[in-house]
Structure formats: C-alpha cells, structure tokens
Protein chains: 2
Amino acid sequence: MDLARIGGRWSRRGLISGGVAAAGGLAAGVGVAGLSGPVASEALAAARAGRRYPFRGQHQAGIVTPVQDRLFFAAFDVEAGQRRADVVRLFRTWTTAAERMTQGLPATENGAYGGRFDQAPDDTGEAIGLPPSGLTLTFGFGPSFFSKDGDDRFGLARRRPELLRPLPPFQGDELERRRSGGDICVQACADDPQVALHAIRMLARLGDEVVRLRWSQSGFGRTSRTDRSQPTPRNLFGFKDGTANIGSDDAAALKRHVWVARDDDPDARWLAGGSYLVARRTSMDIEGWDHQSLLEQEAQVGRTKKTGAPLSGGTEMSAPQFEDAASSSPLIPRNSHLRLMHPDFHGGARMLRRGYSFADGNDVRGKLDAGLFFLAYVRNPDTHFIPLQRAMARHDAMGQWLTVRGSALFAIAPGVGDGEFIAQALLS
Amino acid sequence: MDLARIGGRWSRRGLISGGVAAAGGLAAGVGVAGLSGPVASEALAAARAGRRYPFRGQHQAGIVTPVQDRLFFAAFDVEAGQRRADVVRLFRTWTTAAERMTQGLPATENGAYGGRFDQAPDDTGEAIGLPPSGLTLTFGFGPSFFSKDGDDRFGLARRRPELLRPLPPFQGDELERRRSGGDICVQACADDPQVALHAIRMLARLGDEVVRLRWSQSGFGRTSRTDRSQPTPRNLFGFKDGTANIGSDDAAALKRHVWVARDDDPDARWLAGGSYLVARRTSMDIEGWDHQSLLEQEAQVGRTKKTGAPLSGGTEMSAPQFEDAASSSPLIPRNSHLRLMHPDFHGGARMLRRGYSFADGNDVRGKLDAGLFFLAYVRNPDTHFIPLQRAMARHDAMGQWLTVRGSALFAIAPGVGDGEFIAQALLS
C-alpha cells in the first residue's frame, strides 16, 4: 500500500489516490469518545418492552416497523401430500395465533393452562408474563411453494410472481442446503428473544403435519435501523451499519423501492402491497478483519470507524463525494463497500435492510461462527438486489472477509385486512 | 395412568397416589391469567441498560450478581508450548481489559480508533456507544489446566483442588468433545448480547497465541434468578425455574453452599472465596414435551405450570409437602424433578443456579436444537452436584426429555483484590 504520512498521521487520501492531500478532514475520525450513552439507551429500553404493533394493515408489520433488538427467523417446507385446503387451514390458524401473540396473548384462547388437564396445553408457556416486546411476525413464500420439481402442488403455479426465482449463484458463495431455500418464511422480531422464539415454536407446533421447519436462525444487535430516531447500530466489523437505509417515514422511497405495486406483475396481483425478501446468512471472518489496520478497514468500508462519515469527509449523514471534482482522483476507494453499493451506480436502487448479527459457537480452530444474517426488502430483486450482489461478489474489498452459506428469496405477502387471513388473496 | 376425575376436573392427587382426594388445592393452578406485565418489565429494562458492576471485590462478579438477560460463555485451551509466565502475562492483560469492559470502556485505552491508522485497532468496536449493560466476566480453571496427559504443564499440579476432577459419566449423557471440558472458562453475562459477545471476542483476541477458543455458547432468557426482586423466569418447558435458588441476600446459604472456605482444601488455599462451576449443555426435546398433557407435565415438574406452586398446594414460594401426614401417600410424585432434587433428600445441599436457555437452529427433522445451558455454582461438586445429577439421571421423570451433550467443571477463582490480577494467588 502507498501510504503518505502527513502531520504525524497516516492519510487516507494518501492510501486511496497515492497523492498527497490535507489531512484536516480526517481528524474527525480520530480521538477517544465517551463510550457509554446509558441515558438515551435506558429510555429506549423502557419504551421497548411494552411496545405492541397492530398485526393487520395495508402492509405486514415487521418491514418498516422500527427494528426490534432480536430475531428468530424460520423457513418451513410444506410436507409432501398436503393440499391447498390444508395450507389454507394452516394459514387461518396461523393468522389467529400470530395476531394474538403480537398482542401479548397466548397463541390460543386456552393458553398454557386453561384447557383440560389430560390434554397437551395449547400454548407452550415460556412467554407467560413477558410483555409483547414489539413482536412482529412477517410471512412470505419461496419459489418452491408454487411448484416443486415441476409439480404444481397447490394449483398456484400460475400465480407465482415472475421475479420469484431462486437467486443465481454468486461468486464466492458456499451455500448449504440446510440453510437455504424454503417454501414459507416467518420472520419473528421482538425486543425479547424468548418472545420471538416462542412465536416461531408455536407456529411450528400449530403447523405440525402440514409444515416442517427447514432451517432457522436467531439474531441480535440489529445491523440497520428503519426508524431515523434509532441510533445507527454497529455490525461485528465494529462499523456503523445501515446509515443510508430507507427510513419508515420516507413514503416516496418505500413506494419506489420496497412495496410491489399493483401493475408490477399482472399474473401476481395478490402481491400488491407486499415485497420481496432476500435472506443471506453471511459468515464474517472477524478474526481476519480484526488483524487489519484501521486504515485498511476504513478503506474497505468507505467510512470512518468512529463516526461513520464517508471518507470524503463530513458527518455520518453526509453524502459521499466519490471523486475530487478538480482532479477526478478518488476520495473514497473504488472497491469500497460504500461506493460499490451506492445507488448512484445502480440506477438509484435502494433496499430496506433489516439484518441481524449472529454468533453460533465456534469451529475447531477456535474461530467464532459469527456474522450477519442479511435481510433486505426490495420491490424487485432483479434490479434492487442481484446486480448489487454481483458487484459486491466481484469487486468489493470487504468481500474477502465474507462467505455466504445460506440464501433464500421470498415473496412477502401484503398486509392482512380485517377479517382476512394471511395471504388470502394468494391462497383462496 | 390412573386418573381420578373429580368435580369435572382431573385430580393430580388421583394421578399421584391412585386414590381419591379433594381437588380444592388444585383450582389455583387453573384459569386464565393476564399475560403481560409491561409496567414492571419496563422499569426493569430501564434500570438494566445503565447497570455497572464493580470488577474487584471479595468474590468475582457474575455469581451472586442479579442474573443478566444474556450469556456468552467461552472455554479456552492453553496452546501447547506455553509456560506459566505466558499465562501470567495473559491474565494480567485480561484483568485490565476485563475491568475496563465491565465499566463500559473499550478493552484498552486506545480503543477502536485511538491508535495508529496503520495498525490493527486495539478494540474491535462493536460495543461502541452501548452502555455497560451490567456486564460481568467470571474466570475459572478446568482440571486440564493443572495437568494434561500427566504433564504438570505450568508447575501448578499440586495446587489443583482435590474436588476439581472431570465429572463422572452420568446415565443418558451423550457428551460431545467440542462442547465439553476446557482449561479456562469465561462466563460473560450482560443485558445486551452484543456487549457479552464483544467481551469474549476481545479476550480471545488478546489471548491469541496463548489460548484458543475450545467451545462457546450463547444464551438468553435466564432460567433462574439470584436477586429475589427479579421475577422467576420460565424455561423452555414453559415452567417457572429457579424458585428455590439461593438468593444473593442469603449470606448464610452462600457461605454454606457456594463459597469455598479457607480450610476446605489445604492444598488449594488460593481457591478460598471462590467456587466450583458446573456447566452442562442440556438439549430439551421441547416438541416431545409439548405433546404431553398438562397433567403429565406438572407431575414431572412437581409444580403447577401457572403459578409454580408445589403440587401439594400453596403459592410459588410455599414449601413442598411431599407426603400426606396422615396417610403417608405422596402429594408430589416421587419421580418429580422437585422431589428428586430437593435439599431434604440430599443432606440439605443447595446450588446457586445461573443457567440460560439456548436455541441454536434445528436438525433435519425440523426439531429445534434448544435447551438449557445449565450453570450452577457450588462449594463442593461431590456433595452438591454429583449425587443430585445421579438421582436425576436415574429416576427423574423429566429426564426422558433431556440429553446432556456438553459438560465441564471449573474451579472459579476468588475475587480480584485491588492491584491484583485474576487468580493471582494461584498463578504467582
């Protein structure tokens, strides 16, 4: 690397362009900050536990909902031999249970101990006494739900959205079947992991004999925010993540980038008001990352570690300036994550990211199995995800530390109207 | 099962004794309760985020400390070829880092971005901006630390506490090497999982080349409480767990059952003020459990699901009455967990339990890999743990749903005094 030392400090501009530039704009990235902000966090925590989101509405909850602290994500397969009527019955049952649980009630009226002693209790009980904790449950369908091995299993093949196809292979992916695909997905988010787990466990139990859990993933420490009043969280690389995420208050951006419109797909009008969800279990080589210099880390991200500001200067929310106007020399490395993913280079495409960190033990060499469970909601995966992922897989300097081992695409049903069950427009 | 139906209700006494008894005492276990108590929980959550516990003291923090919400537990092995001086150096480094992190500071003074740009940052950064979240770090030593394959690796073999031996095999155990044993353990507890993970990650990083992570386990939804003002949490069987746990305010019980006294082991006086920690990763067949009737579940636990009261009646905190005084017939099943583990049948032995639930994905049949990461602090494993575990393995009706796949015993160092490093009395 070509480093220019200026004023006793290593210059990022030197790293990037090989030239010499003033280091003034970089000083903001240095120094010791007060590391605890307990007051704001406490107020936030207090408000969270009692949060309760409506289950019904134009869109499903759990997409623009302010990102909760914890995730339990499940992908189910419909068992062989089931018919559409069985699936409809399941979704009717799931609708009742899901609505109840999001409101802090047990999954059914009898609850954990209101039924007969000689029968299995309806509810498994571990969420008794816990507040709703902002629980949301969000349902979607994978390509295999519509047809599997060429079989139009539920007579719904012609309603498959055209864009709902298995994602293409990306360079560097090391996909594992047991972490990929699935007929149906349920994203459970809550501020208490026991509440999120309870919801998935109850849905699995109610779905017994119709569906089987294919894979599941727990997550914590959300890696983006949808509510601009939420502080930008840090991912396991130690950087702020999700700075430029679509905010829940940005109706124009949501309409353009997230919600499927009525005329987007004439064969799948049932999806209007829904979205597409990309789920990718991305292992991070955090030990390798940690051995890099701050300079290298920041060059790969394109932002400073301290404030999250673009390397071109300013604050976290400043727009990045990729090149020096006069010299056309780059101010932010061309292979940085910030530049490669930026909407300016993808026809303006943006995603609503909603991912979580995970840490699932370690391997025999002592390396943590940790990373990012990437979740992104987009109106069109062909324009809003696949080209970005291709660019990242090919060029992104950060990519050397990332390995995707699980991958799935789902069509997320629109909101559930009064008196309706989940995905009624698709299933009936 | 012999069930006696009384007054339209199944009688537990009927189940237990085969006889007929009044069902009055059972009515307390039935009915629908208000399921959300958000007000109390919110106040609790608010208080939590800013909590900060002193690192130094007579005993290590993280034992009687009010149980935090989240766990990240790590077992390390010392790499071959390391000497005692290397271990001492590591523990000096760990002491500084651990004390700083528990106080909400980065692991070292330079933090995540205060060092040189051309060097790897000292701190990995993902906890920047997060409050201390009640982080505690608790250190201990496994039998293999003192000698491995007959080798007195650090000249400390003669200081091995006599009671620090590998636990004997228990009926039904299906131990996996990659989840068992370890030279050194670190228990990280915090109310934010990212704070707990960050601490373990930093210790692993600071220990690079001296120790290697052997296994790790994350946990949530504590399954006991040490502070009597904490509500008794529910485990993944949906039952209140830890009702009879030793409270942090019960100095007499702590002295008798938890803290190693100066004269307990003349060869290991360094352990005075410390304890023994039993760690057991216990998989729970929650799907099988859930298919049982409420009657069967409560008979196996020995308590009601709703209130946690013993089946002999009263409230959660009532002392169980195991037999009817007049008839000597059992009021609580003889093979219930409550009876088999009760101090009355183990010479008064009690543990300080501090376990957590876990949910680590699912197997190919769709069953969740979920359960209890059992953690218990005892003064003497030979009297306070092994006989109880034997009784449970042989007779406990609940045991059919439990499989232990990971197991370890550690000697937990006493508290760290001013100017001392962790386990200084052992290592120097």
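User: Then take H3(A) and H5(A). Which hand is their crossing?

Analyst: H3(A) and H5(A) make a right-handed crossing.

User: What about the angle between the axes of those two in chain A?
Analyst: Roughly 160 degrees. Helix H3 covers residues 84–102 of chain A and helix H5 covers 193–206, and their axes come within 10 Å. Angles over 145 count as roughly antiparallel, so H3(A) and H5(A) are roughly antiparallel to each other.

User: Which residues meet there, H3(A) to H5(A)?
Analyst: From H3(A), Thr93(A), Trp94(A), Ala97(A) and Met101(A). They meet Ala199(A), Met202(A), Leu203(A) and Leu206(A) of H5(A). By class, that contact has seven nonpolar residues, one polar and no charged.

User: And in chain B, at what angle do H3 and H5 cross?
Analyst: Roughly 160 degrees, with the axes of H3 (84–102) and H5 (193–206) of chain B coming within 10 Å. H3(B) and H5(B) are therefore roughly antiparallel. The crossing of H3(B) with H5(B) is right-handed. Thr93(B), Trp94(B), Ala97(B) and Met101(B) on H3(B) meet Ala199(B), Met202(B), Leu203(B) and Leu206(B) on H5(B). The classes there are seven nonpolar, one polar and no charged.

User: Back to chain A. How many helices and strands?
Analyst: Chain A has 12 helices and 11 strands. It has 428 residues, and 56% of them count as buried. Take the contacts in chain A between residues at least 6 apart in sequence: 72% of these join residues at least 24 apart.

User: What are the confidence scores?
Analyst: The model has ipTM 0.88 and pTM 0.89. Chain A averages a pLDDT of 89, and 89% of the residues score at least 70.

User: Where in chain A does pLDDT stay under 50?
Analyst: Over residues 1–43 of chain A. The model still has 75 contacts beyond four places in sequence for that stretch. Where pLDDT is low, the predicted coordinates should not be read in detail.

User: Backbone next. What is the phi of Ser133(A)?
Analyst: Positive, about 55 degrees, although Ser133(A) is not a glycine. Most residues other than glycine have a negative phi. Ser133(A) is in the loop between H3 and strand S4 (136–141) of chain A.

User: Is Ser133(A) buried or exposed?
Analyst: Buried, because 28 other C-beta atoms lie within 10 Å of Ser133(A), and 20 or more is the cut-off.

User: And Asp149(A), what phi does it have?
Analyst: Also positive, about 50 degrees, and Asp149(A) is not a glycine. Asp149(A) is in the loop between H4 and S5 of chain A. It counts as exposed, with 6 C-beta neighbours inside 10 Å.

User: Where is Leu163(A)?
Analyst: In the loop between helix H4 (143–146) and strand S5 (184–190) of chain A. Leu163(A) is buried, with 21 other C-beta atoms within 10 Å.

User: What does Leu163(A) contact, leaving aside neighbours within four places in sequence?
Analyst: Tyr276(A), Asn380(A), Pro381(A) and Asp382(A).

User: Last one. Is Gly419(B) buried or exposed?
Analyst: Exposed, with 7 other C-beta atoms within 10 Å of Gly419(B). Gly419(B) is in the loop between strand S11 (402–412) and helix H12 (424–427) of chain B. From Gly419(B) to Ala251(B) is 26 Å, C-alpha to C-alpha, and they are 168 residues apart in sequence.

How values were computed. Residues are numbered from 1 along each chain as its sequence is written. Chains are lettered from A and ligands numbered from 1 in the order in which they are written. This is a predicted model: local features need pLDDT of at least 70, side-chain atom pairs count only at pLDDT 80 or more; totals for chains, interfaces and linings use all residues. Axes are lines fitted to C-alpha atoms, for helices over the stretch in contact, and angles run from 0 to 180 degrees between N-to-C directions. Helices (H or I, at least four residues) and strands (E, at least two) are DSSP runs, numbered from the N terminus. Angles under 35 degrees count as roughly parallel, over 145 as roughly antiparallel, 65 to 115 as roughly perpendicular and the rest as oblique. A crossing is left-handed if the near helix is turned anticlockwise from the far one by less than a right angle, and right-handed if clockwise. Two residues are in contact if their C-beta atoms, placed from the backbone, lie within 7 Å. Ala, Val, Leu, Ile, Met, Phe, Trp, Tyr, Cys and Pro count as nonpolar, Asp, Glu, Lys and Arg as charged, and the others, Gly among them, as polar. A residue is buried if 20 or more other C-beta atoms lie within 10 Å of its own, exposed if 12 or fewer, and partly exposed in between; C-beta atoms are placed from the backbone. pLDDT is the predictor's confidence in each residue, from 0 to 100.
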